[in-house]
Amino acid sequence: MISAVQDTKGSSKSFPKHETRHLSEHKNIARCARFSPDGKFVATGSADTSIKLFEISKIKQMMLPDSKEGPVRPVIRTFYDHVQPINDLDFHPQSTVLISGAKDNTIKFFDFSKATAKRAFRVIQDTHNVRSVSFHPSGDFLLAGTDHSIAHLYDVNTFQCYLSANTPEIGVNGAINQVRYSSTGGMYVTASKDGAIRLWDGVSASCVRAIADAHGTAEATSACFTKDQRFVLSCGKDSAVKLWEIGTGRLVKQYLGATHTQFRCQAVFNDTEEFVLSIDEPSNEIVIWDALTADKVAKWPSNHIGAPRWIEHSPTEAAFISCGTDRSVRFWKENL
Amino acid sequence: MAAVDKYNVESAEILANSALHLPITQAAPIYEQLLTIFPTAAKYWRQYVEAQMGVNNDDATKQIFSRCLLNCLHVPLWRCYIRFIRKVNDRKGVEGQEETRKAFDFMLSYVGADIASGPVWMEYIAFLKSMPAANTQEETQRMTAVRKAYQKAVVTPTHHIEQLWRDYENFENSVSRQLAKGLLSEYQPKYNSARAVYRELKKYVDEIDWNMLAIPPTDSCKDQMQWVAWKRLLAFEKGNPQRIDGASKKRIIFSYEQCLMYLYHYPDIWYDYATWQAKSGSMDAAVKVFQRALKALPESEMLKYAYAELEESRGSLQSAKKLYESLLGDAAETTTLAHIQFIRFLRRNEGVEAARKYFLDARKSPSCTYHVYVAYALMAFCLDKDPKVAHNVFEAGLKQFMHEPVYILEYADFLSCLNDDRNIRALFERALSSLPQEESIEVWKRFTQFEKTYGDLASMLKVEQRRKEALSGTSEEGASALETSLLDLISRYSFKDLWPCSSKDLDHLSRQEWLSKNIGKKVDKSALSNGSAMTDKSTSAPSGVSTASLKVLRPDTSQMVIYDPRQHHGTTVPSNTTTAILAASNLSNPMATVVGAASNPLSNPTVSMVDGVSSNAFDEVLKATPPSLSAFLAGLPSIEGPAPNVDIVLSICLQNDYPTVQTKKATSLPSQRTAGPAPSTSDLSGSSKSHPIPSNSSFRPRDRQLGKRKDQERQEEEESTTVQSQPLQRDAFRIRQMQKARGGSASQTGSVSYGSALSGDLSGSTC
C-alpha cells in the first residue's frame with residue numbers, strides 16, 4: 001500500500017461538475033440529513049425540532065429548467081414531535097419508517113407512508129441525549145449513540161435496551177458523536193468525543209478494536225464503513241479525515257486540506273466510493289478528494305451563509321445534500 | 001519478543017540519560033550497546049563523543065568520529081567534530097590552520113547542504129577571515145577564499161540565508177565598491193531563488209521529527225506520518241526546485257542519506273534510493289546502497305531479490321548468483337520460493353542443463369514442496385518447449401504429492417494444455433480414489449468442468465451425479481444436494497460470464513436453496529437468531545452462484561446485558577434487571593401516548609405501544625383516568641407544529657366546560673420540574689400513584705424552549721448547553737394573563753397535565 005500511494009499520485013479521477021439548488025428552509029439551523037437506502041428519499045433534521053422529508057424525484061423535477069406545472073414542492077412531509085433539536089436520522093432498511101434521535105433524550109418513529117401523520121407513532125425514551133441513530137440492516141434492531149460512552153442497542157419490537165457485556169475502559173469524555181452499522185450488521189463503529197474510533201462486533205457487541213487517538217485529543221465527529229466493510233472513514237475536529245483498515249487498525253489514507261474544528265463535521269463517500277467529501281469551515285467550501293490517491297480534486301463554495309453543518313451523499317447516485325447554519329438545505333447533483 | 005524490546009525507545013532514552021552521569025569508563029559500554037542497536041542515532045554518537053572529549057581522550061574521540069561521521073549527516077554532531085579539530089590544531093600554527101580549513105571543507109562537503117548548516121558556514125567564513133596574512137598576496141588569497149565561501153553559502157537554502165546575504169553584501173562593499181555591484185548583481189538572482197526554495201523547503205523540514213530513533217516500521221500513526229513527511233521532502237528535492245545542474249544530485253543524495261538515518265529499517269526507502277541511483281546512471285553507487293541496505297536489514301528477502309535483479313540486469317552474474325545462494329541459506333531453512341527463483345535464474349543465465357541439475361538437487365531437499373515440481377515442469381513446457389520432460393516431472397511429483405489437491409489441479413491444467421483428455425480422466429480418477437472427501441471438493445469441481453468441456457452429455461451428467469454422491473456427507477453440501485436442482489442446470493449451461501437466466505433469477509434460486517437448507521433448523525428459533533451460527537451454515541451455491549449479498553449478521557442479545565434506562569439513570573453497566581422493572585417503568589410512558597392520541601385523533605390512528613406489557617398499562621391508565629381529565633383531554637384542539645400558541649390553546653380550553661377539579665397553583669409548577677414528580681400532583685388521580693403522570697406542565701418547558709431557541713440564534717454551538725443546566729424561564733406575562741382569565745375560579749389542575757398533551761413530552765425527569 002505504501003508504494004501504491006506513491007504510484008497512484010497524479011492519476012486521480014476528476015469529480016464531475018454538480019449543479020446545486022436551494023431546497024427548503026428550516027426555522028432554525030439545519031443539523032443533519034440522511035438518504036433512504038434506496039436513494040428515493042432524503043430527510044433533514046433541524047434545531048427547530050422539525051424533520052422534513054423530501055422526495056428525490058420531486059427535487060429533480062424542481063431542478064429541471066422548464067417545469068411546466070409551476071413550482072414543485074419537494075417536501076412531502078414535515079414531522080413535529082420532538083421538543084429539542086434533532087441530532088440524527090435514519091431510514092428503516094425495508095419499510096417506510098424514519099427514525100430520529102434528538103437532544104430531548106428520545107428516539108421517535110415516523111411512518112411516512114401516510115400523508116397526514118405529523119407525529120411519531122412510537123417513541124423510545126433513552127436516558128441520554130441521543131446523538132446518533134443507526135438501523136440494523138434487518139430493521140429489527142437499532143443502535144443509539146448517546147452521551148453515554150456505550151452504544152444502546154434497541155430491539156425494535158420489544159423496545160428492550162441492551163448494552164455490551166464487556167466494554168473497554170472509556171474515560172469520562174466518551175460521549176458518542178456517531179454510530180453506524182456496517183452493511184451486513186456484522187460490525188458497528190462509534191466515533192466519540194474522546195477522539196477515539198471504536199469497532200464493535202455486531203453479534204456480541206464486544207469492542208473488537210479501539211483506535212484510541214484516531215483524532216488525537218480532538219473529538220471524532222463521524223465514522224462510516226465502506227460497503228465491503230474493510231475500511232472505516234472517520235472525521236474529527238482536528239481537521240483530519242482518515243481512512244482506517246479494519247483488519248489491522250492501520251491508518252491507510254489521510255485526506256488533508258480541509259479545516260473543521262467547530263461543528264460535527266461529516267466525511268462521507270460518494271455513491272461509488274471513488275471520492276470522499278467533507279467541509280472546509282474557514283473558507284465555507286465543500287472539499288472533495290479522490291479516495292484512492294487522497295488528492296484533493298475539487299473545492300466548491302458551499303453556497304450556504306456560514307459553513308455547512310452536515311453533508312450526506314446519496315447511496316445510489318451522484319447527488320448529495322448539505323445543511324447549513326443559515327437554516328437552508330441544498331441539493332447537489334451531477335450536471336448531465 | 002526480544003526483537004520488540006530491542007528497539008524500545010523509552011528504555012534507550014533512559015539508558016542514555018543514565019550514561020550522562022557516569023564516568024566515561026562505565027558509560028562507554030552503555031554507548032556501545034546503544035549504538036549497535038541504533039547505529040544512526042546521531043544524538044547518542046554526539047553524547048558519546050562529547051563524553052570522550054570532556055576527558056580529553058583524543059584518540060578515542062578520533063576513533064568514534066571515524067565510525068559515525070559519514071553515516072550521520074547531522075549538523076550538531078559535525079559541529080562537535082569541528083570543535084574537536086579546532087581544539088587539537090589550536091596551537092599548531094599555520095599547519096594546524098591548514099588542517100582546520102581542510103576539516104571545514106570536508107565537513108561542508110557533507111553537511112553543507114543541510115537546512116541548519118547556516119551557522120557552520122558563518123563559522124567557516126569567520127575562520128577564513130581570521131587567517132593571518134603576511135603580505136598582500138596572501139591577503140588577496142584570503143579574500144578570494146572568503147568570497148568563494150560566501151558565494152557557496154548564499155545559494156544554499158539554510159535558515160540563515162538572509163543574514164549570510166547581508167554579510168556577503170557588506171563584505172563585497174568593504175573590499176571594493178566598484179566590483180561589489182557586478183558581483184552582487186550576478187549572485188542576487190541565485191540567492192533569490194535559494195531563498196524561495198528555503199521557504200518551501202522549511203515547510204517539509206518542519207514536518208520531520210529530527211529526534212526520532214531509527215526503529216523498524218510500525219503501524220503507529222506517528223511513524224506513518226514521518227514516512228510521509230520524508231517522502232514529501234525527497235519528492236521536493238527530486239523536483240530540483242533550485243534549477244541547479246550538478247549540485248541537485250548531490251542534494252538528493254544528501255536527503256536520502258539523512259532520511260536513512262531515521263528510516264534505517266525501511267526497505268522501501270533503501271530500494272527507492274538504490275533504484276534512483278541506478279536510474280540516474282550510477283550503477284556502482286546503487287550497488288553500494290544495496291550492500292548497505294543488506295547490512296541494515298540482513299533478513300530482507302525483498303532487498304536481496306532487488307539487489308540480485310540489479311546485478312543480473314547489468315551482467316554481474318557472479319555476484320547475483322552469490323545473492324541467490326545467500327537466499328538459499330542453510331539447506332534446512334531454504335524456502336521453496338528460493339529454490340524456484342534460483343532455478344529460474346539458472347535457466348536464464350546458465351541454460352537448461354544447469355537448471356535441471358539444480359532441480360534434481362532441490363528435489364532431495366526436505367523443504368521441497370510440490371511448487372518446485374510445478375515450477376520446473378512449467379518451465380520445461382513453456383520455455384524449453386519440451387512437453388515430454390514436463391510430463392515426466394509431473395508424473396514423478398505425483399508419487400509424492402498425490403494428496404495435494406492443488407498439485408492435481410496444476411497437473412490437470414497442464415494435461416489439458418496438451419489436450420490429453422484420456423490422461424486427465426485417468427488423473428482425476430486416480431486422485432479422487434485416494435483423496436479424502438473434504439479435500440476433494442475442488443478436484444470434483446474441476447472434474448465436472450472438464451467433462452463440460454471435453455465430455456458428452458452422458459459423461460457430464462454422470463460425473464455430476466458422482467460428485468454429489470461423493471460429497472453428500474460433507475458439511476458443505478446438505479443432504480438435499482443429492483437432488484438435482486435447477487442451479488445445477490444453470491451451472492451446466494452457463495459459459496464464462498454468460499448465464500441462461502437473469503441475475504435476479506440467480507438471486508432468487510440461491511435464496512431458495514439457502515432457505516431449503518435451513519428448513520430443518522427453523523424449528524430451533526434461538527439458533528436462527530444467533531447470527532454467527534447462521535453465517536457458518538450459509539454457503540455459496542455451487543458453481544459460483546453468489547449469495548454473499550444476502551448475509552446479514554444479527555445481534556445476539558444473549559451475549560449482552562439488559563439496560564433499563566429508567567432504573568439506572570446514568571450508570572454504565574447495570575446489574576441484570578428483571579423485566580418486571582421494565583414493565584413498571586413502562587407505565588410512565590403510556591400516559592403521554594394516550595394524551596398524544598387524544599390531542600390529535602385524526603392524525604394517526606396507529607398510536608399505541610406495540611409492547612404487550614405497555615399496552616396493558618395503556619388500558620389501565622385509560623381506566624384510571626378520572627372522567628373529568630378524559631373529557632378534558634378529548635376536548636383538546638389539534639395543533640400544528642412543535643410550539644402552539646399557548647394563548648390559543650388556553651382560550652379553547654377555557655371555552656369548554658369541565659367538571660370541577662381540585663387544583664394546584666400553576667405558578668408553582670416550573671420549580672417542580674427539576675424536583676421530579678411533585679407529591680401533590682400524584683394525588684390528583686388516586687390510581688396514578690404507581691405511575692406518576694408527567695406532571696410538569698409542559699407549556700413551561702415549551703416556553704423555555706422558545707426562549708432557548710432565541711438564544712441559539714445568537715449562540716452558535718448548541719452542544720455545550722444542556723437541558724438541565726439552563727435556568728427555567730418564567731413567563732410572568734402569560735401566568736398573569738392565565739390567572740386573570742381563570743378569574744376567581746379555584747379549578748386549575750387541568751392545566752397540570754394537559755400541557756404534556758401538547759408536546760407529547762416524555763421528559764426524562766419523570767423517573
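Rings of Phe, Tyr and Trp (for Trp, its six-membered ring) count as a pair if their centres lie within 6.5 Å. With that in hand, let's look around this structure, which is a predicted model.

## Rings that pair up

Going by that rule, you'll find 57 aromatic pairs over all chains. Take Trp300(A) and Trp332(A): their rings are stacked, 6.2 Å centre to centre, with 10 degrees between the planes. Why does this pair tie together parts that are 32 residues apart in sequence? It's because Trp300(A) sits in strand 25 (residues 296-301) of chain A, while Trp332(A) belongs to strand 28 (residues 328-334) of chain A. Trp300(A) is buried, and Trp332(A) is too.

Are Tyr373(B) and Phe401(B) buried or exposed? Both are buried. They also belong to a cluster linked by ring pairs, whose members include Phe359(B), Tyr376(B), Phe394(B) and Tyr411(B).

Rings can have charged neighbours as well. Arg309(A) lies over the face of Phe263(A), at 4.0 Å from the ring centre. In chain B, the charged end of Lys249(B) sits over the ring of Trp276(B), 5.9 Å from its centre.

## Opposite charges

Side chains of opposite charge can pair when their charged atoms come close. How many salt bridges are there over all chains? The count comes to 45.

| Residue | Partner | Closest N and O atoms |
|---|---|---|
| Lys202(B) | Asp206(B) | 3.0 Å |
| Glu464(B) | Arg492(B) | 2.4 Å |
| Lys468(B) | Asp488(B) | 2.3 Å |

Start with Lys202(B) and Asp206(B). These two are about one helical turn apart, because they are four residues apart in helix 11 (residues 177-206) of chain B. Lys202(B) counts as partly exposed at 31% relative accessibility, and Asp206(B) is partly exposed as well, with a relative accessible area of 48%.

Now for Glu464(B) and Arg492(B), whose closest N and O atoms are 2.4 Å apart. Glu464(B) lies in helix 25 (residues 457-471) of chain B and Arg492(B) in helix 26 (residues 486-493) of chain B, so the pair ties together parts that are 28 residues apart in sequence. Both Glu464(B) and Arg492(B) are buried.

Helices 25 and 26 of chain B turn up again with Lys468(B) and Asp488(B), a pair 20 residues apart that links distant parts of the chain. Lys468(B) has a relative accessible area of 12%, so it counts as buried. Asp488(B), with 7%, is buried too.

Some salt bridges share partners: in chain A, they join Arg34(A), Asp88(A), Asp90(A), Arg180(A) and Glu312(A) into one network.

## The largest pocket

Finally, where's the open space? The largest pocket holds about 1200 Å³, and 39 residues line it. Which residues lie nearest its centre? They are Arg34(A), Pro37(A), Tyr181(A), Ser183(A) and Pro315(A).

Several strands of chain A each supply at least two lining residues, among them strand 2 (30-35), strand 14 (176-181) and strand 26 (308-313). Sorted by class, the lining has 15 nonpolar, 16 polar and eight charged residues.

Terms used: Residues are numbered from 1 along each chain as its sequence is written. Chains are lettered from A and ligands numbered from 1 in the order in which they are written. This is a predicted model: local features need pLDDT of at least 70, side-chain atom pairs count only at pLDDT 80 or more; totals for chains, interfaces and linings use all residues. Side-chain values use heavy atoms; hydrogens and water are left out. On a 1 Å grid over the protein atoms alone, a cavity is a set of points where a 1.4 Å probe fits but cannot get out, and a pocket is an open set with protein on both sides within 12 Å along at least five of seven lines; lining residues have an atom within 4 Å of a point. Grid points are joined across faces, edges and corners, and a volume is the space filled by probe spheres set on the points. Ala, Val, Leu, Ile, Met, Phe, Trp, Tyr, Cys and Pro count as nonpolar, Asp, Glu, Lys and Arg as charged, and the others, Gly among them, as polar. A salt bridge is a side-chain nitrogen of Lys or Arg within 4 Å of a carboxyl oxygen of Asp or Glu. Buried means under 20% relative accessible area, exposed over 50%, partly exposed in between (1.4 Å probe, protein chains only). Rings of Phe, Tyr and Trp (its six-membered ring) pair if their centres lie within 6.5 Å; planes under 30 degrees apart count as stacked, over 60 as edge-to-face and the rest as tilted. A charge sits over a ring if NZ of Lys or CZ of Arg is within 6 Å of the ring centre and within 35 degrees of the ring normal.
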